[in-house]
Amino acid sequence: MKESERLLHSLVAGKISRIGQLEISPSEGGFILCHREDVGRTDLKNYEIDDALEVAKFDDARSYRPLKTAPTLRHGWKIFARDLLQVERVIEAIYPGRLAVLHAFKSGQVTTTSLRETLNRQSGIYRVARKISEQEIDGLVGDFCRSDGGCLRTILWKRDASDKIPSSKLPSEKFDPAVDQYLSPKKLRSAAAATESIPLLCQEACNLLVAACRDAVKTEGAAPSAP
Ligand code: SF4
């Protein structure tokens, strides 16, 4: 059994069967995976394991989802998985790489990279992103990464080598792997933490955030100077 499969096995056995917006329910001869808001619906369309990538690609309005951990997973589908290996394949298609990072985190081997370090190593057209100001980072990260409408990952990285938090605009729950990021904007911390789920961890800033930092610097440079 692979490490990620073993981890999934222990999580599901412990009745932790939610990851992001995904619900994993035991079913006759296997498991059913669907959007967690669709549990109990009888009109869900059946998809195959190999369709999971397609499911993850577009939201309910058929708009492309560039960020797979955005809280925009589409509704109306279900996938039957006969074993945990197949469950893992569906999770991997919907939330790529997250089980591996979780395994590294649980075994104390996760490596994080600060935002400044990520920005400083950019080259080419993204090199300019390193010029972003502290104030812009605070606002941009607070908006871009927020669980309510931005991204469901729990942030593990810091802003810089001084261990500064990425944004003062984000609640402390955003940095706590014990909190269900799907519920945290809707409920009190205690309620969100009590409903256990598998966290989607963010070990370093994604390309989309880097691109947004670059755009912020470019926009600032293009702004007309004050008279
Ligand atoms: S940097 Fe991490 S938390 Fe922020 S949007 Fe990207 S993946 Fe999500």
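Ser25 sits across from Ile32 in β3. The two strands involved, β2 (residues 22-27) and β3 (residues 30-35), run antiparallel and share six bridges; strands count as paired if DSSP finds at least two bridges between them. The hairpin of β2 and β3 has two residues between the strands, and Gly29 has a positive phi there, near 75°.

On to the next partner: β3 also pairs with strand β5 (residues 77-81), again in the antiparallel sense, over four bridges. Phe31 has Ala81 in β5 as its bridge partner.

## What kind of model this is

This is a predicted model, where local features need pLDDT of at least 70 and side-chain atom pairs count only at pLDDT 80 or more, while totals for chains, interfaces and linings use all residues. Residue numbers start from 1 along each chain as its sequence is written.

## Overall build

The protein has eight helices and seven strands, taken as DSSP runs (H or I, at least four residues, for helices; E, at least two, for strands) and numbered from the N terminus. Its C-alpha trace spans about 70 × 40 × 35 Å along the principal axes.

Of the 227 residues, 31% count as buried. Buried here means 20 or more other C-beta atoms within 10 Å of the residue's own, exposed means 12 or fewer, and partly exposed is in between, with C-beta atoms placed from the backbone. Among contacts with a separation of 6 or more, 69% are between residues 24 or more positions apart; a contact needs the two C-beta atoms, placed from the backbone, to lie within 7 Å.

Which residues of helix α1 (residues 3-13) are buried? They are Ser4, Leu7, Leu8 and Leu11. Seen down the axis of α1, these fall within an arc of 100°, so they line one face of the helix; the arc is that of the directions from the helix axis to the C-beta atoms. Arg6, Ser10 and Ala13 are exposed on the other side of α1. The cover over the buried residues of α1 includes α3 and α4 (98-106). After α1 comes Lys15, with a positive phi near 65°.

Helix α3 (residues 84-94) has its own buried set: Leu84, Val87, Val90, Ile91 and Ile94. Down the axis of α3 the buried residues fall within an arc of 115°, so they too line one face of the helix.

## Around the ligand

The shell around the ligand holds 13 residues, and Cys145, Cys151, Arg153, Cys202 and Cys206 come nearest. To be near, a residue needs its C-beta atom, placed from the backbone, within 6 Å of the molecule or strand.

By type, the shell divides into 10 nonpolar, two polar and one charged. Nonpolar covers Ala, Val, Leu, Ile, Met, Phe, Trp, Tyr, Cys and Pro; charged covers Asp, Glu, Lys and Arg; the others, Gly among them, count as polar.

## Positive phi in the loops

Most residues other than glycine have a negative phi. Arg62 has a positive one, near 65°, in the loop between α2 (52-57) and β5. Arg62 is exposed, with 8 other C-beta atoms within 10 Å.

Asp163 has a positive phi near 70°. Its place is in the loop between β6 (154-155) and α7 (189-194), and Asp163 is exposed, with 8 other C-beta atoms within 10 Å.
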